[in-house]
Amino acid sequence: MKNDRARWRGYPLLEAVIFAILALASSSAHQQKAAPPTSVRLYVFDCGSLDIPDTSPYQLKKEELATNKMSVSCFLVAHPKGTLIWDVGAVPDSSFKPGGGVATLRYATSNKTLTAQLAEIGYSPADITYLSFSHFHWDHVGNANLFAPTATWLVRRLERDIMFADPPSPRTEPANYSALTNAKTVIVTKAEHDVFGDGTVVLKSTPGHSPDHQVLFVKLAKTGPVLLSGDLYHYPEERQLHRIPTTEFNAAQTAASRAAVDAFLRDTGAQLWIQHDFIANARLQKSPRFYE
């Protein structure tokens, strides 16, 4: 290193740039990769928030709500046999300017990239085994392209079909998942898909909000079982007041899926985490902490 520095001593600006690059490369090379956990872990990432301009499509008045805002969360399940990233935010990492700051898309805002949050716990997008979404809407697929080159995409047929429909649905952003056309893909055909084969991480079919909407069941040794809602509900008041949004793909299916999930929660004792519940989400511990 001393000889290298002497070589560039006559060029102070070039010297600074070169050694900054070398330092960054050295730091990256020594970044510790996450080791497989001995039991299932669930990480919660802060992927921003939605400031809903009009709550009437949810059949809720603003005065019936604790807040009109919705959280946007991304989740990583770390299993001894691999990893699953579940829902990947609204604002793609590519929207952030160098140096960070706040990035926006439609009525979503975010101040943290998903890539940086993964790196903080020793993962890169290339390390992720499986990618899956609750559904195809724009606020759940923002960073899909990050994982397309290496992860296996777990998707239900009708959901994939609508994602690549022509013309595209106005409820999504096809550019943010365009790379999935060439991704390794598994079409999920069963109502319950056991991701790792041991019953701890299960995709459950809950159609209605979208053609092939699904929720994620995660069985944690200490926390207990958790069900991640996708958009089965958006606000907790929807559940309390029995409101079904007017914008559902199939309202009757939504009602049936909600009833089936209620029965599942009673049978298993699982907690329902409403992913867009702004207040409840604020209380969840965020990565690098985790649930196990």
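Student: Which residues does Phe96 touch, beyond those up to four places away in sequence?
Tutor: This is a predicted model. In it, Phe96 touches Val91, Gly101, Ala103, Ser110, Asn111, Lys112 and Thr113. Phe96 sits in the loop between strand E3 (82-86) and E4.

Student: Why does Phe96 count as buried?
Tutor: The cut-off is under 20% relative accessible area. Phe96 has 12% relative accessibility, so it counts as buried.

Student: What makes E1 largely enclosed by the rest of the structure?
Tutor: Of the 11 residues of E1, 8 are buried, so the strand is largely enclosed.

Student: How do you know that E1 and E2 pair?
Tutor: Pairing needs at least two bridges. E1 and E2 have 9 and run antiparallel, so they pair. Phe45 stands opposite Cys74 in E2.

Student: How many bridges join E1 to strand E5 (residues 108-110)?
Tutor: There are 2, again antiparallel. The threshold is at least two, so this counts as a pair. Ser49 has Thr109 in E5 as its bridge partner.

Student: Which residues have the most contacts inside the largest nonpolar core?
Tutor: Phe45 and Leu180, in a core of 42 residues. Among the elements giving two or more residues are strand E1 (41-51), strand E2 (69-79) and helix H3 (114-120). E2 gives the most, with 5 residues. A second, separate core of 21 residues includes Phe75, Leu203, Leu216 and Leu228.

How values were computed: Residues are numbered from 1 along each chain as its sequence is written. This is a predicted model: local features need pLDDT of at least 70, side-chain atom pairs count only at pLDDT 80 or more; totals for chains, interfaces and linings use all residues. Side-chain values use heavy atoms; hydrogens and water are left out. A nonpolar core is a set of buried Ala, Val, Leu, Ile, Met, Phe, Trp, Tyr and Cys residues joined through side-chain atoms within 4.5 Å. Buried means under 20% relative accessible area, exposed over 50%, partly exposed in between (1.4 Å probe, protein chains only). Helices (H or I, at least four residues) and strands (E, at least two) are DSSP runs, numbered from the N terminus. Contact means heavy atoms within 4.5 Å.
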